[in-house]
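Kindly read each point alongside the sequence and the structure.

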Amino acid sequence: MRLRIQRIALPRNALILTDTPRPDCADCDGAGGIEHDYGDYETGEYAGTDWEPCLCSTGWRVVLMPLPNRPRWLRRRVRHPDPWGPVGYSDEPPF
């Protein structure tokens, strides 16, 4: 098992301990799974991609600690106008 610490945002901000795939895996080349493209049975055209997980990696994860939410006064508030937008500025070239 190759463990790493990772931050997730859904359903709540938290730090998790998760398993990573082996970088020298011959089956998935360290990606953790293998993609398989498939087509529509009637037309034969591309219809999507399936993801098959590799045996070198597992979906194992443990929540280490939940992270607190930012206070409202620290959240970003965008109140300045867009300098490239049409509100209050010209879209005309400068010549």
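1. Disulfides. The search of the whole structure returns 0 disulfides, where a disulfide is a pair of cysteine sulfur atoms within 2.5 Å. The sulfur of C54 has its closest cysteine sulfur in C25, at 3.6 Å, which is too far for a bond. Likewise, the sulfur of C56 is 3.6 Å from that of C28, its closest cysteine sulfur, and this is also too far for a bond. C54 is buried, at 8% relative accessible area, and C56 is buried as well, at 14%. Here buried means under 20% relative accessible area, exposed means over 50%, and partly exposed lies in between (1.4 Å probe, protein chains only).

2. Basis of the values. This is a predicted model, in which local features need pLDDT of at least 70 and side-chain atom pairs count only at pLDDT 80 or more, while totals for chains, interfaces and linings use all residues. Residues are numbered from 1 along each chain as its sequence is written, and side-chain values use heavy atoms, with hydrogens and water left out.

3. Overall make-up. The protein chain has 0 helices and 5 strands, so defined as DSSP runs numbered from the N terminus (helices H or I, at least four residues; strands E, at least two). Read from the N terminus, the order of elements is β-β-β-β-β. Of the 95 residues in the protein chain, 18% count as buried. Among contacts in the protein chain with a separation of 6 or more, 39% come from residues 24 or more positions apart; contact means heavy atoms within 4.5 Å.

4. Which strands form the open sheet of 3 strands, and in what order? The order is 1-2-5, and the pairing is antiparallel; two strands pair if DSSP finds at least two bridges between them. Strand 1 (2–8) and strand 5 (61–66) are the edge strands, each pairing on one side only. From one strand to the next, the twist averages 25°, taken from axes that are lines fitted to C-alpha atoms (for helices over the stretch in contact), with angles from 0 to 180 degrees between N-to-C directions. In general, strands of a sheet pair through backbone hydrogen bonds, either parallel or antiparallel.

5. The hairpin of strands 1 and 2. Strand 1 pairs with strand 2 (residues 14–20) in the antiparallel sense, over 7 bridges. Within this pairing, I5 stands opposite L17 in strand 2. The two strands form a hairpin with 5 residues between them. N13 is located in the loop that joins strand 1 and strand 2. The side chain of N13 makes a polar contact with the side chain of R7, at 3.3 Å. A polar contact is a pair of N or O atoms within 3.5 Å; within protein, one must be able to donate a hydrogen and the other to accept it, and residues adjacent in sequence count only if both atoms are side-chain atoms. Leaving aside residues up to four places away in sequence, N13 touches R7, I8, P66, L67 and N69.

6. T18. This residue lies in strand 2. Is T18 buried or exposed? T18 counts as buried, at 5% relative accessibility. The side chain of T18 reaches the backbone oxygen of W60 at 3.3 Å. Residues up to four places away in sequence aside, T18 touches R2, L3, R4, Q6, W60 and R61.

7. The hairpin of strands 3 and 4. Strand 3 (residues 33–39) and strand 4 pair in the antiparallel sense over 7 bridges. G33 stands opposite P53 in strand 4. These two strands form a hairpin with 6 residues between them, and G44 in the turn has a positive phi of about 80°.

8. G59. The loop between strand 4 (46–53) and strand 5 contains G59. G59 is exposed, with 75% relative accessible area. The C-alpha atoms of G59 and T20 are separated by 8.9 Å, although the two residues are 39 residues apart along the chain.

9. Salt bridge. How many salt bridges does the structure hold? The structure holds 1, a salt bridge being a side-chain nitrogen of Lys or Arg within 4 Å of a carboxyl oxygen of Asp or Glu. R22 forms a salt bridge with D24, and the closest N and O atoms are 3.6 Å apart. R22 is partly exposed, at 40% relative accessible area, whereas D24 counts as exposed, at 60%. Side chains of opposite charge can pair when their charged atoms come close.
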